[in-house]
Amino acid sequence: MNPSKQKALAQTYHERQKHTPLFTGLLKHAELETQQFHIPGHKRGTGMDPEFREFLGKDVLSIDQINIEPLDDLHHPHGIIDEAQKLAAEAFGADHTFFSVQGTSGAIMTMIMTACHPGDKIIVPRNVHKSIMSAIVFSGARPIFIHPELDEHLGISHGITVQAVERALHVHPDAKGLLVINPTYFGISANLTEIVRVAHSYDVPVLVDEAHGVHIHFHDDLPSSAMQAGADMAATSVHKLGGSLTQSSVLNIQGDRVGAERVQTIISMLTTTSTSYILLASLDTARRFLAMEGAAELDKVIKLSAYARDALNKIEGVHCPGNEMIDHKARFDYDPTKLIISISELNVNGYKVETWLRENENLEVELSDLYNILCILTIGDTQKTVDDLIAAVSRMADHFRNIDNSSKSPYAVQVPNIPTLALSPREAFYADTEVVSLENAAGRISAEFIMIYPPGIPIFIPGEIIEMDNIEYIFRNMDAGLPVQGTEDPTVRTIRVIQERRAIF
């Protein structure tokens, strides 16, 4: 394409992307100050607690509306919501974009329930978010697990390799979908373009959990996005890293392996009919900002990330990995705005570090585990916030280096085993069950999830055989104070398992 034509197309793109039909439509409706004899019952705040009304302000409350005709309907978009979704599709390089007010979990469930009928196979990495396993239970699909690469230095799971995908598809060419996490919670990306090529050679659609990668589409120095790699569907959290409000996400689709009409049907089944127009407007405006300013703003974030990584690696006992993680396989690329801060050499677990930073530095991290803390940098960060982080981590390291030096030794990194799947998750979830103590559950089949949240990757899912090594791993996390959850028992001291059928004498 000649430069002048390319420039003209860019100008046309920016001319379209500067519009926010949904947000603008809400503002125009608010200006009318119509007499409201419909929900929401607070009626622009006049019918709610005065303190909360004053805190939110009249502007926010004026656009907390419901799907009356002038404001379109997310379940049957044909007006301003339809226009906003079409602009989002253009921005994300998709054929169709669907707004989700059920978070990315709702979009992920839509993907899987669109692709899979009961009994269908779906190929998934084992380090998936709980929403993926929940969708597999709902859909009745049969998961075929790919083992992700385990990082024994950091104690985390990374991506999957092209070779593992090839092997899985060779054995299961009848799979109805391949799900890929790209990037992972920790910012690691697989060779998604090649994975998509392999899957499509079997005519298998690729579904991407892109919860932690909304921004990567908008800068060439970041990993390829799902749409850029040719994936069929991608559930993308705009709220996590793209500037919209919490619980707002998008589902992007492209190609002819997935029908837009089917997606609309499924997402409507999973979505409240009382959709939040505040959340929808935040998606509309976040899309505009990313499309218009994303590249320039992300330039700054990438530079701040390089600065932070360099400074953090100069702190004794702290390691913040970067380019050295790349192996062109499961770790094909990485997002530098995710700062994995390994603290195992300080002989302290991540939860204690997280707590110390909260109580002593007024600083909150994204997550902690036994060996690391994770901090994310976004368009909302500045040189000051990054300098504050570096200084706080430095003081934290000084504090823990000076504790019990006589017995100091680096934490031994333990990665949980991937259990054997004995029953489908749906069969196990709906089976006859009984409750046993977790410490005595080895050898039984789990009927519940157990996970550490965040990141929400299950240690056990319904249908898996419980292993003693993983029980010990769970207790180690609990003893460290990490947020283990998932069972009906809030203390996670008992677990629901498949009921054993004893012989009748």
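This is a predicted model: local features need pLDDT of at least 70, side-chain atom pairs count only at pLDDT 80 or more; totals for chains, interfaces and linings use all residues.
Residues are numbered from 1 along each chain as its sequence is written, and side-chain values use heavy atoms, with hydrogens and water left out.

**Figure 1. The whole chain, before zooming in.** The protein chain has 17 helices and 19 strands; both are DSSP runs numbered from the N terminus, helices being H or I with at least four residues and strands being E with at least two. With a radius of gyration of 24 Å, close to the 23 Å from the globule rule for 505 residues, the chain is as compact as a globular protein of that length. (That radius is taken over C-alpha atoms, and the rule is 2.2 Å times the number of residues to the power 0.38.) Along the principal axes, the C-alpha atoms fill a box of roughly 70 × 65 × 60 Å. Of the 505 residues, 55% are buried, meaning under 20% relative accessible area; exposed is over 50%, and partly exposed is in between (1.4 Å probe, protein chains only). Take the contacts (heavy atoms within 4.5 Å) between residues at least 6 apart in sequence: 72% of them join residues at least 24 apart.

Figure 2. Strand S10 covers residues 249-253, and Ser249 belongs to it. Is this serine buried or exposed? Ser249 is buried, because its relative accessible area is 0%. Its side chain makes a polar contact of 2.7 Å with the side chain of Thr104. (A polar contact is a pair of N or O atoms within 3.5 Å; within protein, one must be able to donate a hydrogen and the other to accept it, and residues adjacent in sequence count only if both atoms are side-chain atoms.) Setting aside residues up to four places away in sequence, Ser249 touches several others, including Phe98, Phe99, Ser100, Gly103, His239 and Leu283.

**Figure 3. Helix H12 and what it packs against.** H12 runs over residues 260-270, and Ala260, Val263, Gln264, Ile266, Ile267 and Ser268 are buried in it. An α-helix has 3.6 residues a turn, so residues three or four places apart point the same way. What do the buried residues of H12 pack against? Their partners are strand S1 (96-100), helix H6 (103-115), strand S9 (233-236) and S10. The loop between S10 and H12 holds Gly259, which counts as partly exposed because its relative accessibility is 32%. Although Gly259 and His96 are 163 residues apart in sequence, their C-alpha atoms are 9.9 Å apart in space.

**Figure 4. Helix H7, mostly under cover.** Eight of the 10 residues in H7 (residues 130-139) are buried. Among them are Ile132, Met133, Ile136 and Val137, along with Ser131, Ser134 and Ser139. Just after the helix, Gly140 takes a positive phi of about 80°.

Figure 5. At 6% relative accessibility, Ala175 counts as buried. Neighbours within four places in sequence aside, it is in contact with Lys121, Ile123 and Val204. His212, 37 residues from Ala175 in sequence, is 26 Å from it in space, C-alpha to C-alpha.

**Figure 6. Two cis peptide bonds.** Which residues does the bond with omega near 5° link? That cis bond runs from Ile39 to Pro40, and Pro40 is in the loop between helix H2 (21-32) and helix H3 (50-56). Another cis bond joins Asn182 and Pro183, with omega about -10°. Pro183 is in the loop between S6 and strand S7 (188-189).

Figure 7. Arg44 isn't a glycine, yet its phi is positive, at about 60°. Its place is the loop between H2 and H3, and at 24% relative accessibility Arg44 counts as partly exposed. Val492, not a glycine either, has a positive phi of about 55°. As for cover, Val492 counts as buried because its relative accessibility is 2%.
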